[in-house]
Amino acid sequence: MTAKLGEVLIKENLITPQQLKEALDHQRANGGRLGSILVNLGFVNDESVTAILSRQYGVPAVNLDLFEIDPNAVKIIPEETARKYMVLPLARNGSTLTLAMVDPANVFAIDDIKFMTGLSVEQVVVSEIGLGRAMDRYYAQERGLVLAEQMNQFNEQYNSPANAGVTGAQNTSLADALNEFQDDQASELDVIEQVEDEIDLDSGAKDANEAPVVKLVNLILVNSLEYGASDIHIEPYEKEFRIRFRIDGILKEIMRPPIKMRDALTSRIKIMSKLDIAEKRLPQDGRIKIKLRREGRSRDLDFRVSTLPTLWGEKIVLRLLDKEKLMLDMTKLGFEAQSLERFKRQIAKPYGMVLVTGPTGSGKTNTLYSALASLNTPDTNIMTAEDPVEFNLTGINQVQMKEQIGLNFAATLRSFLRQDPNIILVGEIRDFETAEIAVKAALTGHLVLSTLHTNDAPSTVSRLMNMGIEPFLVATSVNLIQAQRLIRRMCSECKAPARVQPPLQTLLEVGFTPEEAAGMTVYEGAGRDASGRECPKCKGSGYKGRVGLMEVMEMTDDLRELILIGASALEIKKKATEDKPGYPGMLTLRRSGLIKVMQGMTTIEEVVRETVL
């Protein structure tokens, strides 16, 4: 079927033989369906692949973005089964179930669903990308309603006047409330288990005081996943105690447990992350690894935990490291075509240094992991020094830094050079010693990838020289510097042309050219559907997911000459952005953002919030 699809696409002049070869190579290296790979690589559009599959199998093709799916039909098949077979129920008519399938030839899926539902199946073919979006929309909507209701119910019951001033074992209504939540979640959530311990949410804790706290922590951790949060902030103040989630880069308050729960909740999290519960004067760092099992499907969740003593108790921040959110496909990170081509060209070189810069939480790790994933072949020795190791990557040798025993970036790098590496990733260049060894490694036949904290790509050169690296070493060792930011992406469900279009002068001030500003339509996330109800996908915010702004500065001979004479970051930026015959200038962070505004991906407010002219 794979070869046949490729042959048909070539026969109809939709792709070239070279594009098919590239897609098949990608499939052999990374797996996946050929049709989706061709779409992701930009060789063909979704509709063309679906139309050809429809003709091949003799079943109708459906565009799920335009199709009205019956929410009651979706409930007939559990999410786990739907994702396993890549199917989605669209409608039920008597004893017939209309089933959207990526692969209508999958007789095992059809037989299993017939047996499970007792219904006959009528197939339609859909694209894998469209099916994934529809699944996320309908199944997440169903889960989100349940979880939101649980959180609201908990807040109402626990913060009710009846519970004011009630402590410990006397607070039976809290235990009852959480037990009710537990019963509600039984079908959704079976077990959360730690690496060594097991926490069974169905069997309450033995101690009456402990049970509500254990269940509340479990509820917070599970909700962070369902809300798509990257961080959980647990913050004590003088007279209140609040929990916030960072969703798409913005903090949102989720609940306010009573201040009396502060110590118990803090201790519970510290026990789970194997920290010293008696030490409340010093910051501590730990990790929680749990296994979430829902509807027979198991997921590993990893939380990085940081505690900090504040005036009114310990503030705790948990960062969710969700493997399923790790995007290793560079084409989806937000690169413009020109920037992606330059980045790929430089990471393919056998030696030199590629630096990714940006503030904490700007997606630097994801970009570097994506680069490593594309370079990870059986004939390449890749070694990484990280603090901390965020995700485990098969086929890559990852080393966790341990400063307390002297295992820092510089010491690890020295050892790496005796381990016959081809590619080295250094989590962060923080000091002269690490920078010096990294530069030497880049000059002696190794490709070095690393990160720095600078505002943009040109200022990274000045930062390296301020660390003590000689200009001639910077000029000869660095292949490429990339600065990046993450901004919120407009919700695809409720996106619409802005009700009030910005004035022409405003568009010019933010950086659009007069030609671009004259013919522009600016979009916004309305946060509501056509009937005025809150959008279930973005929960009324108008934004869902994030996309990267990329500033990719490839080292040219002109730039190297400027570095050698000690030019300022401003002069380097001016030269880098100059257009030359056959070589367009660098796209700045602001320009990358403006392109995404013109493409209808994001808003001007998001771009202005993260970039400067």
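**Exercise 1. Determine whether D387 is buried, partly exposed or exposed, and identify the residue with which its side chain forms a salt bridge.**

Step 1. D387 has a relative accessibility of 34% and therefore counts as partly exposed; buried means under 20% relative accessible area, exposed over 50%, and partly exposed in between (1.4 Å probe, protein chains only). This is a predicted model, in which local features need pLDDT of at least 70 and side-chain atom pairs count only at pLDDT 80 or more, while totals for chains, interfaces and linings use all residues. Residues are numbered from 1 along each chain as its sequence is written, and side-chain values use heavy atoms, with hydrogens and water left out.

Step 2. The side chain of D387 meets that of R430 in a salt bridge, at 3.6 Å from N to O. A salt bridge is a side-chain nitrogen of Lys or Arg within 4 Å of a carboxyl oxygen of Asp or Glu.

Step 3. D387 lies in the loop between β13 (382-386) and β14 (397-400), and R430 in the loop between β15 (423-426) and α15 (432-443), so the pair ties together parts that are 43 residues apart in sequence. Helices (H or I, at least four residues) and strands (E, at least two) are DSSP runs, numbered from the N terminus.

Step 4. R430 is partly exposed, with a relative accessible area of 37%.

**Exercise 2. Characterise the salt bridge between K575 and E578.**

Step 1. The closest N and O atoms of K575 and E578 are 3.6 Å apart.

Step 2. K575 is partly exposed, with a relative accessible area of 27%, and E578 is likewise partly exposed, at 34%.

**Exercise 3. Identify the buried residues of helix α12 and explain why they lie on the same side.**

Step 1. In α12 (residues 337-347), the buried residues are S339, L340, R342, F343, Q346 and I347.

Step 2. These residues cover an arc of only 165° around the axis, which puts them on the same side of α12. The arc is that of the directions from the helix axis to the C-beta atoms.

Step 3. A337 and E341, on the other side of α12, are exposed.
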